[in-house]
Amino acid sequence: MFLSFTWLKQHVKLPDSTTAEEVAKKLKLSTVEVEGITYKGENLDGVVVGEILEITKHPNADKLSLAQVDVGETKPRQIIFGQMVKMETGFKVPVALAPTVLPGGREIKRTAMRGETSEGMLCLDQEMGLLKEGVSIQFFGKEVKPGTPITKALWLDDYILEIDNKSLSNRPDLWGHYGMAREVAVLFNREVEKYATEKIVDGKEVKLKVTVEDFKACPKFAAVAMSGIKIGPSPEWLQKPLSAVGLRPINNIVDITNFVMLDIGKPLHAFDAVTLKKPHLVIRYAKEGERLKLLDGREINLTPEMMVVASDEKPEALAGIMGGAESAISDNTTTVIFESAIWDAAMIRKTSTKLGIRTDASARFEKSLDPALCEESLAKAVELVKEVCPGAVVASRLIVEGKSHLFTGPLEIPVEFFAKKLGVEIPTKTIVSILERLGFGVTEKKKFLLVKIPSWRATKDISIAEDVVEEVARIYGYDNIPATLPTFPITPPETNKLRQLERAVIELLVRELGFTEVYNYSFVSEAQIVKFGDDITRYLELDNPLSKERPYLRRHLLNNLLENIKQNSARYSWLKLCEIGKVYHPEDAGPRAENNGDELLPSQDTWLTAVYTDKENDNPFWEARRAAEAIAENLKINWEIIPAGEKAKPSQHPARTALIKFGDHKLGAISELHPAVAEALGIEERVGVFTLNLSLAAEHFGQLVNLAGYQPLSLFPEVIRDIAFVVKKEITHADILKVLSHVDSLLTKVELFDVFMGEGIGQGYKSMAYHLTYANPARTLTTEEVDKVQSKVEKVLQDKCGAEMRK
């Protein structure tokens, strides 16, 4: 948004010594972001208004003329000019006085041309930097005296402050010069001029009628008709401020609506009453298939969620964004209907975004404007119309439909609340003064302040006590608040065991075991549940899901992980994926819905799930088990892994599922996905699955962790030997670990790395292969010592497990 310093000073009387830079600095420190300041009259100090007294032909050049020009000096200057623009005696035009430099660096000197001297130049708009294309020149009326600086004559003696629109998002009251002047008045401790308007006296010529079909989309709508309008150019005092902030003057009525918008921040729209046929405005939603040609020539397709201002026959304007071309003000307009409305901010934003149309009006309506501006903006427009069109009169009654429903308090705020929030004691008198200067009503009541919110700050801006504290802080000055560190006891925060466990587990799986962590949504579809073989009635269904295709909250992480596998298996020969997230079980009680309430939410435990699939590995179960064992070993956790047997779930392979238990607690499972489920999901490869309830594990973390704690690395090398043997299928890995656990103290680690059943092994048997690690913490082992313990291992396996060694 562009802010004219000259325009601003019409509303607040600042000292003559106050500069635009000072205003910008204070605004930046307290209110909005000022991106830059531009002086409109840059390099125009040597240009003044000159009156042509006499024109004669140049005696030595057919295409040149000599002009005697009064520029406010003791005698006229002679200026040579060409034929680009026709000049006549009595014209008042811009004159560059030699010597001077114009915008763009063009130097004007006292020059001799064909025997005649030129003491300056008649300036086109392009030469003064006011126009980039075309050819035009400024002409001035009788009221402008020769010698008047062009910067003053054209309102160029002005500084334009560029305000960052994003910093205005929560301040709809600052989208006009008056609102910004109100803010500047507080910052400089000055009084803002009262925005006085004349009350509209109803007319009877036009029987204006307004119908609002949805007051939620249009909380307030005001309108009034005026007749006796004569369309023409606006007077200079109206054109100049508009041009100063970058708006092109169009005609007197359109310029008035733009002026009011930039002055008090309230957009207006004017309809040509004759084109409406009947003076009836209907504020409604668009109908399917309706179209509207806008003022900029675009023709748009309207949809039922868009609000329009319509006549009895068709839409005439796109509400809050842009008017229609057919009811626009034209040179033949004699009667106009002004409308000033308040629109739902979200509705305007959605319509603007969908159509890709951003206007000055939509930018303001999106911020939620003060409803009180409806009548005020119309009164100002009527006043200006009467001034620029002396024959114009109010032709209808002023219609106002709807009411404002703003929370304006009062807020009851303890005086000590300000010091508590700001960390500095501000005298109550100062607090009250700041708030009253900002327009708040303040009543002191013992140790409390009753604060009444002004309407222009009550539209999604000020609503709670903290907002009021912020207002005091920014006006008091953030630099006046001492920068001190807060005092608090230096005690370590409570350890979050669950968070620690999550990080430790994911670090191990990703960095050491090569898994890829994924993040899926917490929602699943009905198809996923059915194919997985779950009972859909056990799932929580959302009333308002993000996606209608996935309305259920997940009971486990596996559904979406299996979908990840299906989507990626065609591109990769193997996949290792893991995820940590919450699952939702409505049958179990979870956390409280509110801290002090009795209502309980569903159980929301945090689980880890890891999946593995490899097109060349028919036993993914062991890779899943290896992940579980790596976690147990690295975190020194003592849990038990036992065959699931009949406790295997329908989604788990009945013969390839093991449970992870700690006492009576089931912590998770290691399994292979049931072939029937894999087929239903369209997954061709076998899938190994490892699940772990991290919430339950963290709850018992102190008991799960081996109390032996940290063990230093051995100073002497380990010896690793492999062993492979054939045993009956009934022999489990747990049986092997139990047998080998007491063979010899030199055997420090037993790790299963392969299980094979098939050709060459025999019916009812399987081959198992292990890494055996030998170490002595006091010295290096000899080959003979390792051979001796290896022989003991083989003998124990043969005697207790019926193992047959494979060579």
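I looked up R349 and found it partly exposed, with a relative accessible area of 43% (buried is under 20%, exposed over 50%, partly exposed in between, with a 1.4 Å probe and protein chains only). E366 is buried at 14%. Their side chains meet in a salt bridge, 3.5 Å from N to O (a side-chain nitrogen of Lys or Arg within 4 Å of a carboxyl oxygen of Asp or Glu). The pair links distant parts of the chain, 17 residues apart: R349 sits in helix 7 (residues 345-355), E366 in the loop between helix 8 (360-365) and helix 9. Helices (H or I, at least four residues) and strands (E, at least two) are DSSP runs, numbered from the N terminus.

A note on the source: this is a predicted model, where local features need pLDDT of at least 70, side-chain atom pairs count only at pLDDT 80 or more, and totals for chains, interfaces and linings use all residues. I number residues from 1 along each chain as its sequence is written, and side-chain values use heavy atoms, without hydrogens and water.

Next I checked K220, which forms a salt bridge with E375, closest N and O atoms 3.0 Å apart. K220 lies in strand 14 (residues 220-227) and E375 in helix 9 (residues 373-388), so this pair ties together parts 155 residues apart in sequence. K220 is buried at 8% relative accessibility, while E375 is partly exposed at 28%.

How many salt bridges does a search of the whole structure find? I got 40.

Last, T148: I found it buried, at 17% relative accessibility. Its side chain reaches the backbone oxygen of K145 at 2.6 Å.

Terms used: A polar contact is a pair of N or O atoms within 3.5 Å; within protein, one must be able to donate a hydrogen and the other to accept it, and residues adjacent in sequence count only if both atoms are side-chain atoms.
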